[in-house]
Amino acid sequence: MITAVETYLAVRRAAGFALSNTAYLLRSFARFAADRQETHIRTATAIEWASASVSVAQRHARYQTVCRFADYVRLEETQHEAPPPNHFGYRKTRRLPHIYSRGEIDRLLLAATQLPPPNSLRAHTYTTLISLLAATGLRISEALGLLVSDMTPDGLLIRKTKFQKTRLVPLHATTVAGLRRYLIRRQRVHAGAEQVFISTSGQPLAYPEVHHVFRTLLKSANLLPARGRAPRLHDMRHTFAVRALESSPAGRHRIGQHMVALATYLGHVNIDATYWYLDTTPDLLGDIAAAAESVLCGGRP
């Protein structure tokens, strides 16, 4: 079975998928089946192997990985069984995002300007990073992966990231100016660094460090956890999507066009992912109420 696994991985990687976790899981399953002297996929074996995980979400992920692999290998070898999908009954739930207000973002930025040590690049790095996330809705991994050469006259070149997509992100003039100011300061300290965002030692800024500092900034800005969960950096991306929809032109047809543009800007494969990022706000609820009232009164939405 391991030969079939490697062939499957090679085919999908040729199509542009990274599959690092998929490779680990399928090789683990192949070894598990080999220990039972099985050369073909068996539903009972897949369930037993997937059940080794501690959470339903993990068991579901392991099981569905085998299901997708089974769909592929059964095209040539029908001796493989086809495990029925969603055996564990898992249903993904959406964590309610924190939609930052303008005041909250201002407080985070103020806290970032006060990061120690005094007169170091660190405060400028985090102020610029948070500003960029709020202004563009970039994934944190995309922002941390930016190179100086990715800054073009037409915007930021976001190279192959999630889903192996490359896109160009246009920037507002104020965002361009902020990035340039930061790079001038950064060049004075570490002129040879390729990454846009670097640590005080000149190394590329790593996510664990950013996450730790952000938790500190939340406390300094008095942004307390709600419903037991603290706001996240990733919520900047949710906030960007919501604010973009709030500022879109009125009219159902033009909203649809705006959603397509927003999905492209955010780098989503399909528009469903963009809807996942949206959440209700007072402004949006007001628009929905007005549209509903118009329909009830005999008007058009």
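Asn86 counts as partly exposed, at 33% relative accessibility. This residue sits in the loop between helix H4 (56-73) and H5, and its phi is near 50 degrees, a positive value in a residue other than glycine. The structure is a predicted model.

Gln37 also has a positive phi without being glycine, near 60 degrees. Its place is the loop between helix H2 (20-35) and H3. Gln37 is exposed because its relative accessible area is 74%, and exposed means over 50%.

| Residue | Phi | Relative accessible area |
|---|---|---|
| Gln37 | near 60 degrees | 74% |
| Asn86 | near 50 degrees | 33% |

Another loop, between H5 and H6, holds Pro117. A cis peptide bond joins Pro116 to Pro117, with omega about -5 degrees.

The largest nonpolar core has 45 residues, of which Leu108, Leu129 and Leu138 touch the most other members. Among the elements giving two or more residues to this core are helix H5 (102-113), helix H6 (121-136), strand E2 (155-158) and helix H8 (173-189). H6 supplies the largest share, seven residues. Leaving aside residues up to four places away in sequence, Leu129 touches Ile140, Ala143, Leu144, Phe197, Leu205 and Val210. A second, separate core of 23 residues includes Leu26, Ala46, Tyr63 and Val66.

The protein chain has an average pLDDT of 86, and 84% of the residues score at least 70. Confidence is highest in helix H3 (residues 43-50), at a mean of 97, and lowest in helix H13 (residues 282-296), at 55. Where pLDDT is low, the predicted coordinates should not be read in detail.

Notes:
Residues are numbered from 1 along each chain as its sequence is written. This is a predicted model: local features need pLDDT of at least 70, side-chain atom pairs count only at pLDDT 80 or more; totals for chains, interfaces and linings use all residues. Side-chain values use heavy atoms; hydrogens and water are left out. pLDDT is the predictor's confidence in each residue, from 0 to 100. Helices (H or I, at least four residues) and strands (E, at least two) are DSSP runs, numbered from the N terminus. A nonpolar core is a set of buried Ala, Val, Leu, Ile, Met, Phe, Trp, Tyr and Cys residues joined through side-chain atoms within 4.5 Å. Buried means under 20% relative accessible area, exposed over 50%, partly exposed in between (1.4 Å probe, protein chains only). Contact means heavy atoms within 4.5 Å.
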